[in-house]
Amino acid sequence: MKSAVSRVVATVSVVVALGASAACGGSGDDDAGKSAKPTKSAKPHASEGSSKLEKAALTAADVKGYKVEKAEKAEGPDDSAAPPAGKPSRAECGPLAAMLGGGGGSGAGTGTPEKAKSHAGRVLTAADDKSSTTTDVGLSSYAGTDAEQAMADLRTALRSKKCAAFRVGEQRYLGVRSQSAPDKGDEAVSYKLAHRRGEYVTRESVTVVRSGSTLAVFSASNLYDPEGVQRDKDAEKDGMDGSGTPTADQDPKVDPKIVDAQLNKI
């Protein structure tokens, strides 16, 4: 019972921390995480079509310091990365979860976003296994102006105060906040959010970059594990290394070199 109570208290703490960070404000709040250049007319990219997207997807040779694996498509009710069943509690908030590919956790590479013609995904983890952050990278190609509309929908959702917390089926997202986006591609949007994953809290930092009719989605995630944090503290008291579990204030970050490496290939 004591550990269960501690998990509840710790989970409340991370939710409060997320809310507090939203109140602090940042350069991304006023423009809803948008970094845009004058829109270029959509033009053919080497990433159009499934086979071309696969060729454009990252490999270990493209980005040093990371292991790169092909993302497996999320399927089945027991898969934590599988898209949650049901419609968003607020329709305008749906695009925020849709970009994750699978609503149950780091999933930019695990599913094809709505209206995308084709998709390819990769999962990157630190080669030295010292980082607890996983980065999913998804590439999706769109027809016509669908890519531009997807970005517009994201910005609309981020501007809406109603989307600070919302549900998709049984999955509840919270702590939604826009962040400063990189000056990349034709336009870019960045935001963060969190959701429960069993006894843990999954935190995600998401950056979406549009290049013509292709969207590149980067989703960095980690797990907040209250019991793991306590074990680390106990280990430190015993003189051992106990710094492996992300604490309540350690949000994951998308590594800029992953973004650059991927955009250089499309």
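Tutor: Gladly! One cut-off first: a residue is buried under 20% relative accessible area, exposed over 50%, and partly exposed in between. Please keep in mind that this is a predicted model.

Student: Which residue forms a salt bridge with Lys67?

Tutor: Side chains of opposite charge can pair when their charged atoms come close. Here the closest N and O atoms are 3.2 Å apart, and the limit for a salt bridge is 4 Å. Lys67 lies in strand 2 and its partner in the loop between strand 3 (118-126) and strand 4 (134-141), so the pair ties together parts that are 62 residues apart in sequence. The partner is Asp129.

Student: And is Asp129 buried or exposed?

Tutor: The cut-off for exposed is over 50%. Asp129 has 57% relative accessibility, so Asp129 counts as exposed.

Student: How many residues apart in the chain are Asp62 and Lys265?

Tutor: These two form a salt bridge, with the closest N and O atoms 2.8 Å apart. Asp62 is in the loop between helix 2 (50-56) and strand 2 (66-70), while Lys265 is in the segment after helix 6. That pair links distant parts of the chain, and the separation is 203 residues.

Student: Which residue forms a salt bridge with Asp260?

Tutor: Start from helix 6, where Asp260 lies. The partner is 76 residues away, in the loop between strand 6 (171-179) and strand 7 (187-197). The closest N and O atoms are 2.8 Å apart, and the partner is Lys184.

Student: How many salt bridges does the whole structure have?

Tutor: Some of them join into a network that links Glu148, Arg155, Asp186, Glu187 and Arg210. A search of the whole structure gives a total of nine.

Student: Which element has the lowest mean pLDDT?

Tutor: The chain averages a pLDDT of 77, and 69% of the residues score at least 70. At the top among the elements is helix 6 (residues 256-263), with a mean of 97. Over residues 1-30 the pLDDT is below 50. The lowest mean, 42, belongs to helix 1 (residues 2-24).

Terms used:
Residues numbered from 1 in each chain as written. Predicted model: local features only at pLDDT ≥ 70, side-chain atom pairs only at ≥ 80, totals over all residues. Heavy atoms only, no water. pLDDT = per-residue confidence, 0-100. Helix = DSSP H or I, 4+ residues; strand = E, 2+ residues; numbered from the N terminus. Contact = heavy atoms within 4.5 Å. Salt bridge = Lys/Arg side-chain N within 4 Å of Asp/Glu carboxyl O. Buried < 20%, exposed > 50% of the residue type's maximum accessible area, 1.4 Å probe, protein only.
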